[in-house]
Amino acid sequence: MPALSSQEIVMVVDGENRPVAEVPRHRVRSENLPHRATYIFVFDRAGRVLVQRRTAIKDMYPSYYDLAAGGVVAAGESYEESAKREAQEELGIRDTVLEQKLDFYYEDERNRCFGRVFTCVHEGPFMLQAEEVESVAFHTVEAITAGEVEPVTPDSRLAFDRLLALGGTAGAPE
């Protein structure tokens, strides 16, 4: 994990998703503190999902596939600001409408977060953040649901499943 991101200041929330503290990211991870996160599902015009291969140095789920761009919401940042920042940092996406879709809660033994899902249509070119994204490729919704892309980060999979439950092509913008 890059040293700078471990010192990033993150908003910690309570069980009702209310801000309660601001702490370094490494504490959020080491103490499994509840926080906010954004998930940006990027679709092409054919409805395929842009899937990222995470780098081997990621602090959570290294070398897994991520079905969404995104990350933790920084202290003093809204979900919307975080989503715009993450789309730009990870993929080079700017000046693209991010459509808010749903909120959800995810918890496992290493991660507790209140997530907000956004979607957009963007076909590239993409400028990948070297520290976080090894590669990207578009995959069909059917290939993802059939398990052809594995292993997938469990929080992005839950967000994807919730998005699918909205109907249509995983809720992709028209």
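**Close-up views of side-chain contacts in a predicted model**

**View 1. Asp-103 and Arg-116 form a salt bridge whose closest N and O atoms are 2.7 Å apart.** A salt bridge is a side-chain nitrogen of Lys or Arg within 4 Å of a carboxyl oxygen of Asp or Glu. The pair links distant parts of the chain, with Asp-103 in strand S7 (residues 99-107) and Arg-116 in strand S8 (residues 112-121), 13 residues apart. Helices (H or I, at least four residues) and strands (E, at least two) are DSSP runs, numbered from the N terminus. Asp-103 is partly exposed, at 45% relative accessibility, whereas Arg-116 is buried, at 14%. Buried means under 20% relative accessible area, exposed over 50%, and partly exposed in between (1.4 Å probe, protein chains only). The model is predicted: local features need pLDDT of at least 70 and side-chain atom pairs count only at pLDDT 80 or more, while totals for chains, interfaces and linings use all residues. Residues are numbered from 1 along each chain as its sequence is written, and side-chain values use heavy atoms, with hydrogens and water left out.

**View 2. Glu-8, Arg-25, Arg-29 and Asp-59 are linked in a network of salt bridges.** The structure holds 16 salt bridges. In one of them, Arg-25 pairs with Glu-8, and the closest N and O atoms are 3.3 Å apart. Arg-25 lies in helix H2 (residues 25-31) and Glu-8 in the loop between helix H1 (3-7) and strand S1 (9-13), so this contact ties together parts that are 17 residues apart in sequence. Asp-59 also forms a salt bridge with Arg-25, with 3.2 Å between the closest N and O atoms. This second pair links distant parts of the chain, 34 residues apart: Asp-59 is in the loop between strand S4 (49-54) and strand S5 (65-66), and Arg-25 is in helix H2. Arg-25 counts as buried, at 8% relative accessibility.

**View 3. Phe-41 and Phe-160 form a tilted aromatic pair, one of 5 aromatic pairs found in the whole structure.** Rings of Phe, Tyr and Trp (its six-membered ring) pair if their centres lie within 6.5 Å; planes under 30 degrees apart count as stacked, over 60 as edge-to-face and the rest as tilted. The rings of Phe-41 and Phe-160 are 6.1 Å apart centre to centre, with 40° between the planes. Phe-41 belongs to strand S3 (residues 35-43) and Phe-160 to helix H5 (residues 154-165), so that distant parts of the chain, 119 residues apart, are linked. Phe-41 is buried, with a relative accessible area of 0%, and Phe-160 is buried, with a relative accessible area of 0%.

**View 4. Phe-126 and Phe-138 have ring centres 6.2 Å apart and planes at 55°, so the pair is tilted.** Phe-126 lies in the loop between S8 and strand S9 (133-139) and Phe-138 in strand S9, so the pair ties together parts that are 12 residues apart in sequence.

**View 5. Arg-53 lies over the face of Tyr-65, at 4.6 Å from the ring centre.** A charge sits over a ring if NZ of Lys or CZ of Arg is within 6 Å of the ring centre and within 35 degrees of the ring normal. The charged end of Arg-110 likewise sits over the ring of Tyr-61, 5.2 Å from its centre.
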